[in-house]
Amino acid sequence: MIAYVNPLAGGEAVRSSARIEGFIRSTRFERPTLVLDTELVAQQFRALQAGLGRAHIHYAVKANPQREVIETLVAEGSHFDAASRGEIELCLGLGARPETISFGNTIKKPADIAFAYSVGITMFAADSEMELEKIAENAPGTEVYIRLLMGTTEADWPLSRKFGTMEGEVNGLLAYAQHLGLKPIGLSFHVGSQTRRAEMWRDTLDRVSGVWNAARDAGFDLTTINIGGGFPAFYGEAIDAPEVYAAAVMAMVEPRFPGATRIMAEPGRGMVAEAGMIAAEVLLVSKKSNDDLHRWVYLDIGKFSGLAETMDEAIRYQFTTDRDHEEHGPCILAGPSCDSADVLYEKRPVQLPMGLTCGDKIIIRNCGAYTTTYSSVAFNGFPPLDVVVI
């Protein structure tokens, strides 16, 4: 067996990880199942909060909305970043207070804005005039922060051009928010998901700091900077322990945003990824021809049943089997559906035991984020990803 060790993480995380693995090895699963340990979620929250200091953690609910995860984080004192009415209802229903929830999606239905306002949500994100108009009409007088477009960063999963406004448009949007009777309180950005090293934040922070200072020089009393997510999980390449990483980010944030009385951070992956593993099974091992250089290994889980983040092979999951003591060789890894896009890793084949065969159990590590939420409903008749919380 190849033991999982993040060489820069603490012993508690390793012990909790071993508990999940032990549970999977001793349990029979009829279909792919995500096994979550909420104690590891709590440990990760405490470590990130220690590093972030005065910053408020707004957990990105979309990463994993499992009710036990939300309950754990409510008990720990976390705040929440919600992307929809459904996420707001979930958090409120599990004990979160309205003042701890921000509506961070910049693309919202007017009716959902009105609902959020009716239940006490007073902080909204926007990146366009139309979004500000919707907020002003349906949540009058509330606080808004303007999201910046970041474009290309060093993250493994960049967030491209869908969200945010260009730097030169910010002051105009802040002024328009004031004109509409809203309270423009600051800026937000996202450095990109899975930003593996803290120093990768520097250029982005420099850019945002320039916009922040220009806005304050123009007379806007900005008090809130939302640094978004980007906090990494371990996928094979060494990363700093969460407290060390968060502290390094904050050391760069603090001097760059004078006047910021409120700092928000939105970890999602970095909060829950390492709290879960998926119990899966090998369905088939084959070659396309006798002289094929690679085996094909097909699992009972694929892109459409929880592993969507293998798209473009951006996220490199780690695998463990009962045959890890055997000789390893490269393979192309694929899912079970009748869709030719359901190939997980082909550009960079995965090293797996040569003796793998149908029925062998395979454990996919650090899958607590963006697996259940990406799992399709009955594509090809396969059920959504099961979840067990220990």
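Which residue of β9 is the bridge partner of His56? The analysis concerns a predicted model, in which local features require pLDDT of at least 70 and side-chain atom pairs count only at pLDDT 80 or more, whereas totals for chains, interfaces and linings use all residues. Residues are numbered from 1 along each chain as its sequence is written, and side-chain values use heavy atoms, with hydrogens and water left out.

The bridge partner of His56 in β9 is Met264. Strand β2 (residues 56-60) pairs with strand β9 (residues 262-265) in the parallel sense over two bridges. Strands are DSSP runs of E with at least two residues, helices are runs of H or I with at least four residues, and both are numbered from the N terminus; two strands pair if DSSP finds at least two bridges between them. β2 also runs parallel to strand β3 (residues 79-82), to which three bridges join it. Within β3, Phe80 is the bridge partner of Tyr59. Because four of its five residues are buried, β2 is largely enclosed by the rest of the structure. Here, buried means under 20% relative accessible area, exposed over 50%, and partly exposed in between (1.4 Å probe, protein chains only).

Tyr59 is also among the residues with the most contacts inside the largest nonpolar core, which has 96 residues. A nonpolar core is a set of buried Ala, Val, Leu, Ile, Met, Phe, Trp, Tyr and Cys residues joined through side-chain atoms within 4.5 Å. The largest share of this core, six residues, is contributed by helix α9 (residues 242-256). Apart from this core lies another, of seven residues, including Phe29 and Met277. Beyond its neighbours within four places in sequence, Tyr59 is in contact (heavy atoms within 4.5 Å) with residues including Val69, Leu73, Phe80, Pro267 and Met271.

The structure also holds two cavities of 30 Å³ or more. A cavity is a set of points, on a 1 Å grid over the protein atoms alone, where a 1.4 Å probe fits but cannot get out; its lining residues have an atom within 4 Å of a point. Grid points are joined across faces, edges and corners, and a volume is the space filled by probe spheres set on the points. The second largest cavity has a volume of about 50 Å³, and its lining includes Phe304, Asp342, Ser376 and Phe379.

Val377 lies in the loop between β15 (361-364) and β16 (386-389). This residue is exposed, with a relative accessible area of 71%.

Technical notes: On a 1 Å grid over the protein atoms alone, a cavity is a set of points where a 1.4 Å probe fits but cannot get out, and a pocket is an open set with protein on both sides within 12 Å along at least five of seven lines; lining residues have an atom within 4 Å of a point.
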